[in-house]
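Please look over the sequence and the model before reading on.

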Amino acid sequence: ATGHPVGGGWRDVGFFYPAKNTLGLTDTYFLYAVPYGALRALSVDPFAAFTIVVAALSALGYWSMYALCRLWPRAAPLPSAVAAFIFAYGAMVRFKLMHAQTYTVMLAPVLALLLVAAYRTSRARVCLAAAGAAGLLYGLIVFSAAQTAWFLAFVGALVLVCWAMTGCRPRLR
């Protein structure tokens with residue numbers, strides 16, 4: 001024991017208190033446990049470490065949604081900023097604080113950016129790298145919060161169906 005209030009040792013990140021000697025109690029916190037464990041290893045307080053992880057996910061969600069809005073529909077900066085703000089800090093904050101695993105939805109624009117990059121490139125290696133990264137990220141989302149992954153799959157399928165029905169069919173490579 002290191003004298004640390006959580007117990008100490010590399011297997012006790014304190015994220016799953018009161019469970020001792022575990023890196024994971026449930027699959028729904030996998031993506032949070034990695035940065036949280038690193039912060040706890042730096043002696044950051046458990047509440048502060050969790051808050052930093054949630055704040056970082058919110059910032060990532062904001063900036064990736066902003067980039068997606070600027071890239072895909074080519075929206076102007078102000079509407080992109082408003083859309084990103086609503087996405088990251090909108091009415092879902094109370095729900096997300098009660099169900100922390102749903103913060104994985106903040107990775108949805110990152111996933112979309114990777115898919116758009118894979119679709120738009122004409123270079124096979126870039127396409128493969130972007131599509132592979134998207135697949136890996138989606139797998140981590142499944143492992144971290146299955147309900148978010150199912151929601152993203154449903155929305156993605158719905159977008160593709162609507163896209164096909166409106167005649168804006170994408171070129172398939």
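A pocket is found on a 1 Å grid over the protein atoms alone, as an open set of points where a 1.4 Å probe fits, with protein on both sides within 12 Å along at least five of seven lines, and its lining residues have an atom within 4 Å of a point. The largest pocket has 27 lining residues, and those nearest its centre are Trp72, Ala112, Leu115, Gly156 and Val159. Two or more lining residues come from each of α2 (46-71), α5 (108-120) and α7 (146-165), with α7 giving the most, nine residues. By class the lining comprises 25 nonpolar residues, one polar and one charged, where Ala, Val, Leu, Ile, Met, Phe, Trp, Tyr, Cys and Pro count as nonpolar, Asp, Glu, Lys and Arg as charged, and the others, Gly among them, as polar. The space in this pocket is about 990 Å³, a volume being the space filled by probe spheres set on the points, which are joined across faces, edges and corners.

The model is predicted, so that local features need pLDDT of at least 70 and side-chain atom pairs count only at pLDDT 80 or more, whereas totals for chains, interfaces and linings use all residues. Residues are numbered from 1 along each chain as its sequence is written, and side-chain values use heavy atoms, with hydrogens and water left out.

The protein chain has seven helices and zero strands, taken as DSSP runs (H or I, at least four residues, for helices; E, at least two, for strands) numbered from the N terminus. Of its 173 residues, 31% are buried, that is, under 20% relative accessible area, while exposed means over 50% and partly exposed in between (1.4 Å probe, protein chains only).

A nonpolar core is a set of buried Ala, Val, Leu, Ile, Met, Phe, Trp, Tyr and Cys residues joined through side-chain atoms within 4.5 Å. The largest such core holds 27 residues, among which Tyr32, Val53, Leu57, Tyr103, Met106 and Ile141 touch the most other members. At least two of its residues come from each of α1 (30-41), α2, α3 (77-89), α5, α6 (124-144) and α7, and α2 gives the most, with eight. Leaving aside neighbours within four places in sequence, Ile141 is in contact (heavy atoms within 4.5 Å) with residues including Leu31, Leu107 and Leu152.

Leucine 128, in helix α6, counts as exposed because its relative accessibility is 65%. Serine 43 lies in the loop between α1 and α2, and its phi is near 70°, a positive value in a residue other than glycine.
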